[in-house]
Amino acid sequence: MSAKTKKINAYVSGFGASQRIVLWDTALKGLKRDEILFVMGHEMGHYVLGHMWKYLAVVSLGAFAAFWACAQLAGALVRRFGTQWGVEGVSDLAAMPALFLSLTIVTLVTMPAMNALSCRVEHESDIYALELTHDNDAGARSFLQLATDNRSDPEPPTWVRVLLYDHPPLGERIRFALEYRPWEKGEPNQLYKPKAPNLAVN
Ligand SMILES: [Zn+2]
């Protein structure tokens, strides 16, 4: 990826046997060793917590609801303005703009919900990585590096965040990475449940 972009990225992709963690070479070059380990912990969190499956289920069910809403909206538009527009019904080819308008409106309305869901699983993965590594400092540094290299606004206005952010803003992630350390108070982990004793050193 370094031939195409300077951005740093890592993600989980594929299903079943094709499932893998993808770590861009820009991340290997731009992040320190402990930061790469933290990022891997985050991606492992997505894998272990089954986020892809949950996401796929929600999106599949949500698509039914969204297309139903689209059909209702387009139908209502054609009933209300059809004569004026010279459109006979939703199946009329001339009704395409009304269909696209409905799709745009439904997408705009569902976007914040999809973003909220995505932000939630991203936050879960951050928790997982912190509980796995106990390396708050490396976590915060990796987010700082991401914010710098990807030129993303760490403190966006609320409406920008609600409409466009599918990850929590990096300012929030950095603060959380620095503060979250339940193990120091002897509290149990929320998400990382080691089968063997936790080998984290600090
Ligand atoms: Zn993630």
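Figure 1. Along the chain, the donors of the zinc ion are arranged with the spacing H-x3-H-x75-E. In this predicted model, local features require pLDDT of at least 70 and side-chain atom pairs count only at pLDDT 80 or more, whereas totals for chains, interfaces and linings use all residues. Residues are numbered from 1 along each chain as its sequence is written, and side-chain values use heavy atoms, with hydrogens and water left out. The coordinating atoms are NE2 of His-42, NE2 of His-46 and OE of Glu-122, at 2.0 to 2.1 Å. Donors are N, O and S atoms within 2.8 Å of the metal (3.2 Å for Na, K and Ca); water is not among the atoms, so sites may look incomplete.

Figure 2. Helix H2 spans residues 33-48 and holds both His-42 and His-46, which lie 4 residues apart, about one turn of the helix. Helices (H or I, at least four residues) and strands (E, at least two) are DSSP runs, numbered from the N terminus. His-42 is buried, at 6% relative accessibility, and His-46 is likewise buried, at 8%. Buried means under 20% relative accessible area, exposed over 50% and partly exposed in between (1.4 Å probe, protein chains only).

Figure 3. Rings of Phe, Tyr and Trp (its six-membered ring) pair if their centres lie within 6.5 Å; planes under 30 degrees apart count as stacked, over 60 as edge-to-face and the rest as tilted. By this rule there are 7 aromatic pairs. One of them is stacked, because the ring centres of Phe-176 and Tyr-180 are 4.9 Å apart and the planes are at 20°. The pair of Tyr-180 and Trp-183 is edge-to-face, because the centres are 6.2 Å apart and the planes are at 85°. Tyr-180 is buried at 11% relative accessibility, as is Trp-183 at 18%.

**Figure 4. The protein chain around these sites.** The chain contains 7 helices and 2 strands, in the order β-β-α-α-α-α-α-α-α from the N terminus. Its radius of gyration, 22 Å, is well over the 17 Å that the globule rule gives for 202 residues, so the chain is more spread out than a compact globule. This radius is taken over C-alpha atoms, and the rule is 2.2 Å times the number of residues to the power 0.38. The C-alpha atoms fill a box of roughly 70 × 35 × 35 Å along the principal axes. Of the 202 residues, 36% count as buried.
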